[in-house]
Amino acid sequence: MEKIPEQGVIQIAYGFINAYLVIGERPILVDTGTPGTGQKILRTINALGITPEEIALIVLTHGHTDHFGSVDRLKALTGAPVAIHRRDVEALQNGTMKLLPRTILGRVFILFGQEGAMVPEFVTKGPEILIDGERSLTDFGIDGAIIPTPGHTAGSLSVLLSTGEVIAGDLLTAIFNRKKPGWPIFAEDMKQVRASVSALLSRSPTRIYLGHGGPCTPESVRKLLKH
C-alpha cells in the first residue's frame, strides 16, 4: 500500500488524463475523468486505504466531460457534494462542450470529430456547491482554497494548497512532454488564460499539477509565459 502523506496531492493517472486526491484532515477528489473511469479512480483510492465515504468533496475544475464524465458514479459511491464554477454548470448538466481550438492538435481533434467521443453517458444531478469567487476548503478538512482561473472555460477553477501545490486543470497542458507545460489545446479566451496563469504564479506555487501531463515547476511555467 502506498504511504499516504499527511497533506498533499496524489495524482491518479489513466491514459493521458489525470484526476487528483488531495489529502488533509479528510481527502477531497479533484476531477472524475471520462465516463466509465470512476471505478478505476475508486480502486486507486481503496489501494491507499481510503474508503469512498471518507471523500469530503468532489471539485470539478471545469465543464468538459473528460473531467466530469464519472461524477455521477463517484458522487453516488462517496456521497460527497460536488463543486463547480457557476459559469460551467450548464455544460455539466447537459454534457455540451464549447471547444475552441488554439493549437494544431486542437484543430486536428475537431477535424476528426473526436469531441463526439467525450459525450457523457448520463446527465448529472446537482451540483451542490456553486463557486463564484475564491472559496476556502477548510470546512472540508483541507488547508487551501478553490480559486477561479478562467480562460480554458469561463468557469475554470484551480485548487491551491497551503503547501504551494496547485491543481490547475486544463489551464495549461503537457500532453507530449509531461514536464514541459504548453498552452491549452482548447480555450475560450487566451487572454484570460495568460492572466490566470500570471495570477497563479503571483501566489508563489511550488508545484503545478495539470489535467493532462505534468506536474510542472513554476519556473517552466514562467518561461512559457514569456513567449
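Where is the place of Thr-149? Thr-149 lies in the loop between strand 8 (144-148) and strand 9 (157-161). Helices (H or I, at least four residues) and strands (E, at least two) are DSSP runs numbered from the N terminus.

## Basis of the values

The model is predicted: local features need pLDDT of at least 70, side-chain atom pairs count only at pLDDT 80 or more, and totals for chains, interfaces and linings use all residues. Residues are numbered from 1 along each chain as its sequence is written, and side-chain values use heavy atoms, with hydrogens and water left out.

## Thr-149

Thr-149 has a relative accessible area of 3% and is therefore buried. Buried means under 20% relative accessible area, exposed over 50%, and partly exposed in between (1.4 Å probe, protein chains only).

The side chains of Thr-149 and Ser-158 are joined by a polar contact of 2.9 Å. A polar contact is a pair of N or O atoms within 3.5 Å; within protein, one must be able to donate a hydrogen and the other to accept it, and residues adjacent in sequence count only if both atoms are side-chain atoms. With neighbours within four places in sequence left aside, Thr-149 is in contact (heavy atoms within 4.5 Å) with Ser-156, Leu-157, Ser-158, Leu-171, Ser-196 and Leu-200.

## Strand 2 and its partners

Strand 1 and strand 2 pair in the antiparallel sense over 7 bridges; two strands pair if DSSP finds at least two bridges between them. Val-9 has Val-22 in strand 2 as its bridge partner. The two strands form a hairpin with 2 residues between them, and Gly-15 in the turn has a positive phi of about 65°.

On the other pairing, strand 2 and strand 3 (residues 28-30) are antiparallel over 3 bridges and form a hairpin with 4 residues between them. Leu-21 has Leu-29 in strand 3 as its bridge partner.

## The largest nonpolar core

A nonpolar core is a set of buried Ala, Val, Leu, Ile, Met, Phe, Trp, Tyr and Cys residues joined through side-chain atoms within 4.5 Å. The largest one has 24 residues, of which Leu-21, Leu-29, Ile-41, Ile-58 and Leu-60 touch the most other members. Elements that each supply at least two residues of this core include strand 1 (8-14), strand 2 (17-23) and helix 1 (38-47). Strand 2 gives the largest share, 4 residues.

Beyond its neighbours within four places in sequence, Leu-21 is in contact with residues including Val-9, Ile-12, Leu-29, Ile-45 and Ile-55.
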